[in-house]
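Welcome to this short briefing. Take a look at the structure below, and then we will walk through some of its side chains together.

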Amino acid sequence: MAEVVRARVDAWCWAVRLFPTRSAAGAACRAGHVRVNGERAKPATIVVPGDEVHVRGGERERIVEVRRTVVKRVGAAVAVECYLDRSPAPVPKAQVALAGVRDRGAGRPTKRDRRRLDRLRGRA
């Protein structure tokens with residue numbers, strides 16, 4: 001395991017398994033989905049132990065504190081030791097709104113239907 005004092009944020013996020021590939025981590029940084037200490041992070045942004053990294057992906061936001069910096073991908077058991085997860089708990093499945101049920105052959109939802117579904121799911 002290659003342990004260093006400083007690491008690029010894209011390499012670190014990939015190494016601790018927050019992203020499946022390093023290119024996905026770099027793309028998320030360029031799209032503004034990764035923040036380090038509240039600042040938007042470019043892929044080359046340096047992280048050190050003690051930094052707080054916010055990763056927004058999918059429907060969940062991950063908030064992690066850097067404990068150890070690594071640049072090579074490590075196993076899942078070692079990756080968990082490299083950060084402290086401060087993410088909010090995911091919403092229970094019972095509280096998640098189900099997708100709207102449409103009759104078979106009714107076609108695609110209209111813009112009005114999609115807006116209603118988004119409001120129902122709390123995304124509006």
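Let us start with Asp 85, which counts as partly exposed because its relative accessibility is 37%. Keep in mind that this is a predicted model.

**Salt bridges**

- Side chains of opposite charge can pair when their charged atoms come close.
- How many salt bridges does a search of the whole structure find? The search turns up five.
- Another salt bridge joins the side chains of Arg 86 and Glu 65, at 2.5 Å from N to O. Because Arg 86 sits in the loop between β9 and α4 (111-121) while Glu 65 is in strand β7, the pair ties together parts that are 21 residues apart in sequence.
- Are these two partners buried or exposed, or something in between? Arg 86 is partly exposed, with a relative accessible area of 45%, whereas Glu 65 counts as buried at 17% relative accessibility.
- Glu 81 and Arg 68 also form a salt bridge, and their closest N and O atoms are 3.8 Å apart. Glu 81 lies in helix α3 (residues 76-81) and Arg 68 in the loop between β7 and β8 (69-70), so parts that are 13 residues apart in sequence are tied together.
- With 49% relative accessibility, Glu 81 counts as partly exposed.
- Salt bridges also link Arg 8, Asp 10 and Arg 22 in a network.

**The aromatic pair**

- The structure has one aromatic pair. Its members are Trp 12 and Tyr 83, arranged edge-to-face, with 6.4 Å centre to centre and 80 degrees between the planes.
- Which parts of the chain does the pair link? Trp 12 is in helix α1 (residues 9-15) and Tyr 83 is in strand β9 (residues 83-85), 71 residues apart.
- Both Trp 12 and Tyr 83 are buried.

**Around His 54**

- You can find His 54 in strand β6 (residues 52-57).
- His 54 counts as buried because its relative accessibility is 17%.
- The side chain of His 54 makes a polar contact of 3.2 Å with the side chain of Glu 61.
- Beyond its neighbours within four places in sequence, His 54 is in contact with several residues, including His 33, Val 34, Arg 35 and Arg 62.

Terms used
Residues numbered from 1 in each chain as written. Predicted model: local features only at pLDDT ≥ 70, side-chain atom pairs only at ≥ 80, totals over all residues. Heavy atoms only, no water. Phe/Tyr/Trp six-rings, centres within 6.5 Å; stacked < 30°, edge-to-face > 60°. Helix = DSSP H or I, 4+ residues; strand = E, 2+ residues; numbered from the N terminus. Buried < 20%, exposed > 50% of the residue type's maximum accessible area, 1.4 Å probe, protein only. Polar contact = N/O pair within 3.5 Å; in protein donor to acceptor, adjacent residues only side chain to side chain. Contact = heavy atoms within 4.5 Å. Salt bridge = Lys/Arg side-chain N within 4 Å of Asp/Glu carboxyl O.
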